[in-house]
Amino acid sequence: MKVAVLGSGIMGNGIAQLAVMAGDTAVAYDVGDEALQRASAAVEKSLARFVKSGKKTQEEADEAFARLSFTTSLADAVTGADVVIEAAPEILDLKQDLWKQVVGHAPAEALLGTNTSQLSITSIAAALGDEASRLVGIHFFNPPVMMRLVEVIAGLETAPENVERAKAFGEHVGKTVVVCQKDSPGFITSRAYAILRLECVKMLEEGIATAEDIDTALKLGFNFPMGPLELGDMNGVDTYVHAISGLEKAHGDRFRPTVGLRNMVAANRLGRKTGAGFYDYDADGQKVV
Ligand SMILES: NC(=O)c1ccc[n+]([C@@H]2O[C@H](COP(=O)([O-])OP(=O)(O)OC[C@H]3O[C@@H](n4cnc5c(N)ncnc54)[C@H](O)[C@@H]3O)[C@@H](O)[C@H]2O)c1
């Protein structure tokens, strides 16, 4: 099977790696050589980690890497592809434009999946006109090679058979697949987690408990690998506020960002990247206790 991955950033290179580890041929496409070089180095490093941990032999890793190629030609990437996964920047116009170009070159029977984390599948697919039924959401998690879940999302026009094919592809690359049957902001995962984190923020603002205790409670009480607040600092408080503002428009007041969150953004307390968020960080990025 030939898998074309469009956009070779954090997600794209991981998805391409999953495909070659599953025995497929993958072509990673990006708009510039630099991104492709970074992607190549990232996949090589990640495969080496699989070898070091004993999960792959050196030979398996070498063979997987040999099945991966890189190109800045979109036509070369998608011509003859069985599956096309788009992991380009989260900008609606950009994705729509890219998909319009893809359908001009990809085989009519190719499975078309977008890895968007929060854009509407239906809106992206609208750019495809009569071919909107071909596009389906195939949402991998970061990092794709480690995370076990794939969330498949049916757009309003997505053909049921393409939902099934997307599920089969997710399982083929070793993931457990859940289906969000109606295209709805936040899908399943982001919607559920956003409200959980918001409740943690509210408890912090109400003085119910410290950030450390809220994170520890969620980690040890529910077996989460990280607390919602420390993870919020990692993802960026601004990104979170942007995301819940979108969810508020779709699902109502319960997602409204608190005044405290808005103030954090105004004060540039964006998390690890600015050295302060729910926690403070030193120059090495370590949490200051
Ligand atoms: N990073 C995450 O945690 C995460 C998780 C799940 C889903 N996603 C989604 O995956 C997609 C990609 O995110 P990312 O974090 O890998 O972004 P990224 O910025 O790391 O990578 C995007 C890549 O797309 C390339 N690109 C730019 N314009 C392009 C174009 N016109 N055509 C093809 N490629 C183009 C860029 O050069 C870059 O290499 C987004 O839709 C994002 O919402 C991200």
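Proline 143 sits in the loop that runs between strand E6 (135-140) and strand E7 (149-153), in a model that is predicted. A cis peptide bond joins this proline to asparagine 142, with an omega of about -5°.

- Most residues other than glycine have a negative phi, and most peptide bonds are trans.
- Against that background, the bond between asparagine 142 and proline 143 is cis, while phenylalanine 187 is a residue other than glycine with a positive phi, near 45°.
- Phenylalanine 187 belongs to the loop between strand E8 (176-180) and helix H8.

**The second largest pocket**
- Rolling a probe the size of a water molecule over the atoms shows where empty space is left.
- The second largest pocket has a volume of about 210 Å³, and of the 14 residues that line this pocket, the closest to its centre are Ile10, Asn13, Ser46, Pro143 and Val145.
- Two or more lining residues come from each of helix H1 (10-21) and helix H2 (33-52), and H2 gives the most, with five residues.
- By class, the lining of the second largest pocket consists of seven nonpolar, five polar and two charged residues.

**Helices H8 and H10**
- Helix H8 (residues 189-205) packs with helix H10 (residues 228-235) at an angle of about 110°, and their axes are 9 Å apart.
- Angles of 65 to 115 degrees count as roughly perpendicular, and H8 and H10 are therefore roughly perpendicular to each other.
- On the side of H8, the residues that meet H10 are Tyr193, Leu196, Arg197, Cys200, Val201 and Leu204, whereas H10 brings Pro228, Leu229, Leu231, Gly232 and Asn235 to the contact.
- Sorted by class, the contact of H8 with H10 has eight nonpolar, two polar and one charged residues.

Note on methods
Residues are numbered from 1 along each chain as its sequence is written. This is a predicted model: local features need pLDDT of at least 70, side-chain atom pairs count only at pLDDT 80 or more; totals for chains, interfaces and linings use all residues. Side-chain values use heavy atoms; hydrogens and water are left out. On a 1 Å grid over the protein atoms alone, a cavity is a set of points where a 1.4 Å probe fits but cannot get out, and a pocket is an open set with protein on both sides within 12 Å along at least five of seven lines; lining residues have an atom within 4 Å of a point. Grid points are joined across faces, edges and corners, and a volume is the space filled by probe spheres set on the points. Helices (H or I, at least four residues) and strands (E, at least two) are DSSP runs, numbered from the N terminus. Ala, Val, Leu, Ile, Met, Phe, Trp, Tyr, Cys and Pro count as nonpolar, Asp, Glu, Lys and Arg as charged, and the others, Gly among them, as polar. Axes are lines fitted to C-alpha atoms, for helices over the stretch in contact, and angles run from 0 to 180 degrees between N-to-C directions. Angles under 35 degrees count as roughly parallel, over 145 as roughly antiparallel, 65 to 115 as roughly perpendicular and the rest as oblique. Contact means heavy atoms within 4.5 Å.
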